Amino acid sequence: MSERGARAALAVVVLPVVWAGAVAAQTSAGGTALTNLGSPATPEEIADRDPIVGPGGEGLPAGSGTAAEGRALYDRRCAACHGATGREGPDDRLAGGQGSLAGEGARKTVGSYWPAATTLWDYVNRAMPFNQPGSLAPDEVYAVVAYVLYLNGIVGGDDLIDAGTLPRIEMPNRDGFVPDPRPDLAEASGRARRPPVAVEARVAVEARVAVEAPIGAAAPRAPAAPPSAGSVLDGVFTAAQASRGERTFREVCAACHDPGEFSGGRFRIGWVGRPVGELFETISTLMPEADPGSLSRGEYAAIVAYLLQLNDYPAGDADLPSNGRALGRLEIVARPAP
Ligand code: HEC
Ligand code: HEC
């Protein structure tokens, strides 16, 4: 969890106390004793909040899910705050940043920073969605966790995630933490299944705020689904435009991406059902990673045309526009089976 995450979790505990203190101060000025605040926690309420899933998967309930199943849930319940691909914000970035921790531009995300996939289950189960924590059923948590891992390239779209597979996932930063050796921490918690407290070994705590600000400044918002003005089956780009896009892709993008990342199953799970405008926005506001937004809108549109061609959508007589409004109403639909 982020520093902010830890702080907010604390705040949840501390706030009511502060509030009660303020009320107490007010009423004691008026001479009225303060009694009967709150109610005793019922065994059910305690049981609801008590289970903590340990890093080894202890406490994971029955259930399962895949990234393909989790995508729709993510779009509905998470994307507004974390971005369509988990990279745009406005809240914490959940994806990307792998390999960035040791350098200047450290980006801490689930994929780059979190040492255990089981912690993601525990955190999402108890804390997310931020506005309705605890509202997801175990199958939903498994599916959305699978999708967040998928957005980080850690699992495949159809990998089944359950209590057996989740603990076996090797997170990229699993060796980036050291256990906190202070014995009083273990004693104070008094709970053997409590995950060991981890302290950051390699990353400066301050790095986070400074480096994450520019990314996703112009983040695409959750899909608002305006009326569709047709689909990519209608021949919405030209072959010449797609070849221009392919050239730019080779020059600018191929250093970091294989075209295969953007075709077949990965494209289907990532982009089918979304407007073309969202693909355009993601690429034009976040890519190339080292210099986002550095190409012209026409060049970005050509790259999108190339990606559509790569997925066997037909070319037509007119170039794909680079105007967000038109692209936003054009839907990426599944290709009919050949
Ligand atoms: C209303 C906005 C909102 C929604 C909806 C939401 N989140 Fe969050 N999420 C946040 C905020 C804010 C934080 C930071 C919380 C904190 O620091 O205490 C956060 C933090 C996280 C983190 C921890 C990130 C890190 O590295 O510290 C994860 C993982 C996460 N959310 C996953 C999800 C998932 C999965 C969903 C959908 C099921 C979801 N969130 C829905 C606002 C939201
Ligand atoms: C310097 C390396 C670099 C360059 C150059 C680069 N990217 Fe990326 N790109 C990344 C990284 C890193 C991510 C995040 C991947 C991750 O960690 O999951 C990413 C993510 C993406 C994504 C979202 C991932 C997905 O599966 O939907 C798209 C789309 C994308 N890049 C397209 C492009 C295009 C198009 C270009 C060329 C204009 C480009 N990138 C250039 C490094 C790069």
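**Reading ligand 2 and its helices**

User: Which helices each supply at least two residues of the shell around ligand 2?

Analyst: Helix H10 (239-253) and helix H12 (276-286) each do that. Helices here are DSSP runs (H or I, at least four residues; strands are E, at least two), numbered from the N terminus. One caution before we go on: this is a predicted model, where local features need pLDDT of at least 70, side-chain atom pairs count only at pLDDT 80 or more, and totals for chains, interfaces and linings use all residues. Residues are numbered from 1 along each chain as its sequence is written, while chains are lettered from A and ligands numbered from 1 in the order in which they are written.

User: How many residues surround ligand 2, and which are the closest?

Analyst: A residue is near a molecule if its C-beta atom, placed from the backbone, lies within 6 Å of it. Here 21 residues surround ligand 2, and the closest are Cys253, Cys256, Met287, Pro288 and Glu289. Sorted by class, the shell has 10 nonpolar, 9 polar and 2 charged residues. (Ala, Val, Leu, Ile, Met, Phe, Trp, Tyr, Cys and Pro count as nonpolar, Asp, Glu, Lys and Arg as charged, and the others, Gly among them, as polar.)

User: Where does ligand 2 lie relative to the domains?

Analyst: Domain 2 (53-209) and domain 3 (232-328) both give residues to its shell, so ligand 2 lies between them. The domain bounds come from an automatic or database domain assignment.

User: What joins Met287 and Pro288?

Analyst: A cis peptide bond, with omega about -10°. You'll find Pro288 in the loop between H12 and helix H13 (297-310). Another cis peptide bond joins Met128 and Pro129, again with omega about -10°. Pro129 sits in the loop between H6 and H7.

User: How do I read the packing of H10 and H13?

Analyst: Two packed helices are described by the angle between their axes and the distance between the axes. For H10 and H13 the angle is about 105° and the axes are 7 Å apart. They are therefore roughly perpendicular to each other. (Axes are lines fitted to C-alpha atoms over the stretch in contact, and angles run from 0 to 180 degrees between N-to-C directions; under 35 is roughly parallel, over 145 roughly antiparallel, 65 to 115 roughly perpendicular, the rest oblique.) On the H10 side the contact includes Gln241, Arg244 and Phe249, and on the H13 side it includes Glu299, Tyr306 and Gln309. (Contact needs C-beta atoms, placed from the backbone, within 7 Å.) The contact residues divide into 6 nonpolar, 4 polar and 3 charged.

User: And what about H12 and H13: what is their angle?

Analyst: About 120°, with their axes 10 Å apart, so this pair is oblique. Val276, Leu279, Phe280, Ile283 and Ser284 in H12 meet Arg297, Tyr300, Ala301, Ile303 and Val304 in H13. That contact has 8 nonpolar, 1 polar and 1 charged residues.

User: Which residues bring H6 and H7 together?

Analyst: First the geometry: helix H6 (residues 117-127) and helix H7 (residues 138-151) pack at about 125°, axes 10 Å apart. They are therefore oblique to each other. H6 brings Ala117, Leu120, Trp121, Val124 and Asn125, and H7 brings Val141, Val144, Val145, Val148 and Leu149. By class that makes 9 nonpolar, 1 polar and no charged residues.

User: What is the phi of Asp312 near?

Analyst: Near 65°, a positive value in a residue other than glycine. Asp312 lies in the loop between H13 and helix H14 (324-328).

Technical notes: Contact = placed C-beta atoms within 7 Å.
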